[in-house]
Amino acid sequence: MKKFSWKVVLGLALLGFSRSVGWALNKGLSFPLLTSYSRSAFIKGTILASEGIIGLIIPPLLGYYSDTLKSRHGRRRPFIMAGGLLAGIAALTIYTACSFGIPLAGFALTLAFFYLSMHLYTAQFRALMPDTIESGQRGKASGVITLFEWAGNLFLFGLAGYLIAKAVAVTGGEGIKALAQTPYLKIPFIITAIFLIGAALFVYFVIREPKAPEIEENEGLFEYLKSIVENRDFLKFYAAQTLWWMSFEFIAIFLYGILAYILYGSASEANVKAVTSLGLMLMALFNVTVLIGALPGGIIYDKLGRRLSIILGGIIFALPQLWGWFISSRTEIIIALAIAGIGWGILMAASYPVIGDLLTKFEREAFTGRYYGFFEATRSLPVLLAGVIGGAIVDLAGENYRILFPIGALLVLMAMPMIWMMRNLEVEE
């Protein structure tokens with residue numbers, strides 16, 4: 001039995017907070033900055049989808065190799081240290097590219113460098129929780145970590161919104177254009193770099209990993225991938241997660257376009273820049289309601305059952321998207337995103353521990369790195385699919401961004417029967 005340690009949980013929560021600040025920087029500023037280069041939803045979506053390509057490959061591979069790493073520094077912490085340092089440097093590189101006004105191809109490469117750095121330690125961050133927390137207590141740990149992760153999003157979106165408001169007051173411009181004309185643009189990039197590097201250093205020097213289990217029969221890379229397909233419970237969960245994350249990414253990637261289309265009738269560069277402040281405020285609101293749903297989601301997971309908590313979160317997240325097709329005002333948008341955030345918080349807190357509990361059930365806890373690597377791949381694949389497919393759908397629909405709402409709801413509802421049919425989801429006390 002592993003002793004529950006709040007120091008470990010809070011260390012992982014801090015790491016999750018820093019990584020969320022990094023991903024929020026990407027979600028909050030990349031789309032408006034790319035709009036300065038191109039109006040095409042397909043081009044912008046494809047560039048942002050490069051994160052999905054990198055996340056599809058790197059976490060499963062490095063998660064696999066971290067399982068077998070023999071080091072006095074642990075199996076996960078060396079990756080966390082290297083990835084955190086590089087991610088902080090990459091955040092500063094994005095700002096440098098913005099300030100020098102490099103061409104679209106160069107800006108896309110700086111984003112790709114950031115995505116690569118962040119994914120160098122994605123699987124290791126996820127695997128460290130079940131490595132150190134016993135099954136039966138992982139819902140509580142997941143609730144706290146999820147709370148901090150989405151608080152990181154809230155912090156960055158709030159900071160960016162405040163800076164844009166100050167920039168607008170100084171320049172008289174609007175949105176991201178006003179921010180780019182002031183020294184305020186550098187602040188979110190610098191703060192993000194500080195958090196990414198600081199949290200990686202904290203985990204490396206403060207948290208101690210448990211002794212690595214002896215792996216008597218190590219899976220080869222091919223056998224590991226094959227075993228996921230052969231085990232129906234893993235396959236169902238990974239497939240379901242791909243669907244609900246694709247639904248989320250439809251909205252997250254194209255939120256500014258959605259807002260511009262609903263409120264102004266088109267997603268022109270001027271309209272996208274005009275809704276930048278509103279978009280950041282709505283992202284912050286969404287994250288507030290995610291926080292409201294996260295802790296109850298962890299409690300429901302441990303106390304009331306795995307299936308119930310996941311399906312409850314999924315349905316609450318899907319219903320506002322069904323309503324989204326009919327939304328026409330700012331107030332309706334706010335209400336819909338607030339409700340969706342509660343469902344998403346429950347869903348995130350309830351889905352994070354599932355892989356660790358399945359590995360406990362099948363006595364495969366030595367392989368948390370590789371399985372959480374695949375867990376992250378099924379969160380990254382939707383970025384690729386949503387960016388490319390979502391952008392193509394919007395362009396084919398005559399730049400009607402509203403169409404992403406019902407499609408997203410359908411994807412979430414398709415995932416729920418897969419969760420219900422998992423045989424070993426409930427873990428015996």
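I began with Asp 67 and found a polar contact of 3.0 Å between its side chain and that of Arg 76. A polar contact here is a pair of N or O atoms within 3.5 Å; within protein, one must be able to donate a hydrogen and the other to accept it, and residues adjacent in sequence count only if both atoms are side-chain atoms. The model is predicted, with pLDDT of at least 70 needed for local features and 80 or more for side-chain atom pairs, while totals for chains, interfaces and linings use all residues. Residues are numbered from 1 along each chain as its sequence is written, and side-chain values use heavy atoms, with hydrogens and water left out.

I placed Asp 67 in helix H3 (residues 50-67). Helices (H or I, at least four residues) are DSSP runs, numbered from the N terminus. Asp 67 has a relative accessible area of 3%, so it is buried. Buried means under 20%, exposed over 50%, and partly exposed in between (1.4 Å probe, protein chains only).

**Thr 182**

I looked next at the loop between helix H8 (175-180) and helix H9 (186-206), where Thr 182 lies. Thr 182 counts as buried because its relative accessibility is 11%. Its side chain reaches the backbone oxygen of Leu 179 at 3.0 Å. Leaving aside neighbours within four places in sequence, I noted Ala 167 and Thr 171 in contact with Thr 182; contact means heavy atoms within 4.5 Å.

**Helix H6**

Two packed helices are described by the angle between their axes and the distance between the axes. Axes are lines fitted to C-alpha atoms, for helices over the stretch in contact, and angles run from 0 to 180 degrees between N-to-C directions.

I looked up H6 (residues 122-132) against H17 (residues 368-396): the angle is about 125° and the axes are 8 Å apart. H6 is therefore oblique to H17. Angles under 35 degrees count as roughly parallel, over 145 as roughly antiparallel, 65 to 115 as roughly perpendicular and the rest as oblique. Among the residues that meet are Arg 126 and Asp 131 in H6, and Glu 376 and Arg 379 in H17. I sorted the residues of this contact into five nonpolar, four polar and four charged. Ala, Val, Leu, Ile, Met, Phe, Trp, Tyr, Cys and Pro count as nonpolar, Asp, Glu, Lys and Arg as charged, and the others, Gly among them, as polar.

With helix H7 (residues 138-171), H6 crosses at roughly 150°, and the axes come within 10 Å. That angle makes H6 roughly antiparallel to H7. Phe 125, Arg 126, Met 129 and Pro 130 of H6 touch Arg 138, Ala 141, Ile 145 and Glu 149 of H7. I listed five nonpolar, no polar and three charged residues here.

**Helix H17 and beyond**

Helix H16 (residues 354-361) packs on H17 at about 140°, with axes 10 Å apart. H16 is thus oblique to H17. Ile 355, Gly 356 and Leu 359 of H16 meet Thr 368, Tyr 371, Tyr 372 and Phe 375 of H17.

Last, I checked Glu 399, in the loop between H17 and helix H18 (404-420). Its phi is positive, about 60°, although Glu 399 is not a glycine. Most residues other than glycine have a negative phi. Glu 399 is partly exposed, at 24%.

Definitions and conventions:
Helix = DSSP H or I, 4+ residues; strand = E, 2+ residues; numbered from the N terminus.
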